[in-house]
Amino acid sequence: MAEVLPLEGIRLGLTATDKWDAIRQCGAVLLELDAVEAGYPATMLEREKSVSTFIGEGVAIPHGTDESRALVKNTTLGVLQFPSGVDWDGQTVNICVAIAAKGNEHVAVLSALAQILMDPAQAEQLRTSSDPEAVRALLESIGKDL
């Protein structure tokens, strides 16, 4: 678990001016975690221009384009919480789960994340938690099958 969702990749209580700022912050976290090469964050912005990464329950999953997988060093998640919300094309996002996935590992990561978020109570915990350890425990199933 530590390598897929390191504790230092969980950032709570953040603010963002708009979705583009939130996505840039997601890219910066993945860079800080040494999960991606320098060009990856720009591809996260490109992805958002073509397909929204908003998935419901106040959550967006910013990630790079299919072509950018070559820039991923390690499958890694970052969790960024924006308690005041970020306007995401008319929807409010409070949690961004930044994803950098090698090869086809994104399928397992997205599937595990969807299973967690299908429970509105768990999604609410992500949106409101003030404890990085609690967030990590909630997402512990992600990465177990990689």
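A salt bridge here is a side-chain nitrogen of Lys or Arg within 4 Å of a carboxyl oxygen of Asp or Glu. Keep that cut-off in mind for the first stops. This is a predicted model: local features need pLDDT of at least 70, side-chain atom pairs count only at pLDDT 80 or more, and totals for chains, interfaces and linings use all residues. Residues are numbered from 1 along each chain as its sequence is written, and side-chain values use heavy atoms, with hydrogens and water left out.

**Stop 1: Lys19 and Asp89**

Select Lys19 and Asp89. They form a salt bridge, with the closest N and O atoms 2.6 Å apart. Lys19 sits in helix H1, while Asp89 sits in the loop between strand S4 (76-88) and strand S5 (91-100), so the bridge ties together parts that are 70 residues apart in sequence. Helices (H or I, at least four residues) and strands (E, at least two) are DSSP runs, numbered from the N terminus.

Now colour by accessibility. Buried means under 20% relative accessible area, exposed over 50%, and partly exposed in between (1.4 Å probe, protein chains only). Lys19 is buried, at 7% relative accessibility. Asp89 is exposed, at 54%.

**Stop 2: Glu57 and Arg127**

Select Glu57 and Arg127 next. Their side chains meet in a salt bridge of 3.6 Å, N to O. This pair links distant parts of the chain, 70 residues apart: Glu57 is in the loop between strand S2 (54-56) and strand S3 (59-60), and Arg127 is in helix H4 (residues 120-128). Glu57 is partly exposed, with a relative accessible area of 36%. Arg127 counts as buried, at 17% relative accessibility.

Salt bridges that share partners join Lys19, Glu48 and Asp89 into one network.

**Stop 3: Glu32 and Arg11**

Show Glu32 and Arg11. Their side chains form a salt bridge at 2.8 Å, N to O. Glu32 belongs to helix H1 (residues 19-32) and Arg11 to strand S1 (residues 10-11); the two residues are 21 apart, and the pair links distant parts of the chain. Glu32 is exposed at 55% relative accessibility. Arg11 is partly exposed at 22%. The structure holds 9 salt bridges.

**Stop 4: the cysteines**

How many disulfides does the whole structure hold? A search finds 0. A disulfide is a pair of cysteine sulfur atoms within 2.5 Å. Select Cys26 and Cys96 to check. The closest cysteine sulfur to that of Cys26 is in Cys96, 4.2 Å away, which is too far for a bond. Cys96 is therefore in no disulfide either. Cys26 is buried, at 0% relative accessibility. Cys96 is buried too, at 0%.

**Stop 5: helix H3**

Select residues 105-117, which are helix H3. The expected span of a helix is 1.5 Å times one less than its number of residues.

Which residues of H3 are buried? They are His106, Val109, Ala112, Leu113, Ile116 and Leu117. They cover an arc of only 135 degrees around the axis, so they lie on the same side of H3. The arc is that of the directions from the helix axis to the C-beta atoms. Turn to the other side of H3, where Val107 and Gln115 are exposed.

Last, show what surrounds the buried side. The buried residues of H3 pack against S2, S3, S4, S5, H4 and helix H5 (132-138). Contact means heavy atoms within 4.5 Å.
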